[in-house]
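Dear colleague,

Please find the structure below, handed over for your use. My notes on what was found in it follow directly after.

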Amino acid sequence: MNITLRVWRQANAASEGRMVTYQVQDVSEDMSFLEMLDLLNEDLTVKGEEPIAFDHDCREGICGMCGVVINGTAHGRGNSPVATTTCQLHMRSFSDGATIDVEPWRAGSFPVIKDLVVDRTAFDRIIQAGGYVSVNTGSAPDAHANAVGKLKADRAFDAATCIGCGACVAACPNHSGMLFTAAKITHLAMLPQGQPERHLRIKKMLATHDAEGFGGCTNIGECAAVCPKEIPFDTISQLNRDLIASLFKRDGK
Ligand code: SF4
Ligand code: FES
């Protein structure tokens, strides 16, 4: 396959960016999108040009590092029949001769570091604001002694699959981080060890979410549509119910 790529190039957060066009030849349809970028970067390096900066780590869809906007959708979801991360999107999803636009996440809370790399540490600060679990959870036999209902266990597991990629923020017209925050809150709220700080945790995490500049949720649903881990949209409803409950707790717990 031969591909025309139009890639966002930006030296740093302070400089202006622009789309630059590249031709990528001999792309195998079995390559992942990131392997296709590797091919281009090898070519740029040989020519003495600056390679394109992009984030990645696991390349297995589990670390959440590789998010970029492809042809206008986060992780190229619009080109894939299934939910995917960029590293799991394959070039067979595109036609030979296609022109593909590649941009970084566009959100004020995720400033561009370089080219396609953005700073997503605002997510880390939301998680940190949630604090730690104060109860002694013991070891494996104690865990087995505390039965968790199947529905709650499944819901906790589904929420825990959030990889913190930030696609939900990039897709949301409000740049809300509510699906991410709801996933993190729901994960612990379903489990026994999450109960002592359940309501204090939601207040702290939501306050940090707002302080970091993420917008509010207006139930548009683009976040869930592009989420590579298919975090259910109704985790945000659960977050709202927990927030209301927290307002009636005297010490916030
Ligand atoms: S909720 Fe989905 S889209 Fe948002 S950070 Fe988690 S995995 Fe990524
Ligand atoms: S590189 Fe880890 S999810 Fe894509």
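**Domains and their contact**

Ten residues of domain 1 touch ten residues of domain 2. Please note that the model is a predicted one. According to the domain assignment, domain 1 covers 3–103 of the protein chain and domain 2 covers 121–247. Between the C-alpha centres of the two domains there is a separation of 30 Å.

**Surroundings of ligand 1**

The shell around ligand 1 is made up of 13 residues, and the closest of them are Cys162, Cys165, Gly166, Cys168 and Cys227. Two helices, α5 (167–171) and α6 (178–189), each contribute at least two residues to this shell.

**Packing of helix α7**

In general, a pair of packed helices is described by two quantities, the angle between the axes and the distance between them. Both are given here for the two partners of interest, α9 and α2, each of which packs with α7.

I begin with α9. Helix α7 spans residues 198–211 and helix α9 spans residues 235–246; they pack at an angle of about 110°, and their axes are 9 Å apart. The two helices are therefore roughly perpendicular to each other, since angles of 65 to 115 degrees are counted in that way. The crossing in which α7 passes α9 is left-handed. On the α7 side the contact involves Arg198, His199, Ile202, Lys203 and Leu206, while α9 provides Gln238, Leu239, Asp242, Leu243, Ala245 and Ser246. Sorted by class, this contact of α7 with α9 comprises five nonpolar, three polar and three charged residues.

I turn next to α2. How is helix α2 oriented relative to α7? Helix α2, residues 121–129, packs with α7 at an angle of about 155°, with the axes 7 Å apart. This makes α2 roughly antiparallel to α7, because the angle is over 145 degrees. The crossing of α2 and α7 is right-handed. From α2, the residues Arg125, Ile126, Ile127 and Ala129 meet Lys204, Met205, Thr208 and His209 of α7. By class, the contact of α2 with α7 consists of four nonpolar, two polar and two charged residues.

With kind regards

Key: Residues numbered from 1 in each chain as written. Chains lettered and ligands numbered in written order. Predicted model: local features only at pLDDT ≥ 70, side-chain atom pairs only at ≥ 80, totals over all residues. Heavy atoms only, no water. Axes fitted to C-alpha atoms, helices over the stretch in contact; angles between N-to-C directions. Helix = DSSP H or I, 4+ residues; strand = E, 2+ residues; numbered from the N terminus. Parallel < 35°, antiparallel > 145°, perpendicular 65-115°, else oblique. Left-handed = near helix turned anticlockwise from the far one by under 90°. Contact = heavy atoms within 4.5 Å. Nonpolar A, V, L, I, M, F, W, Y, C, P; charged D, E, K, R; others polar. Near = heavy atom within 4 Å. Domains from an automatic or database assignment.
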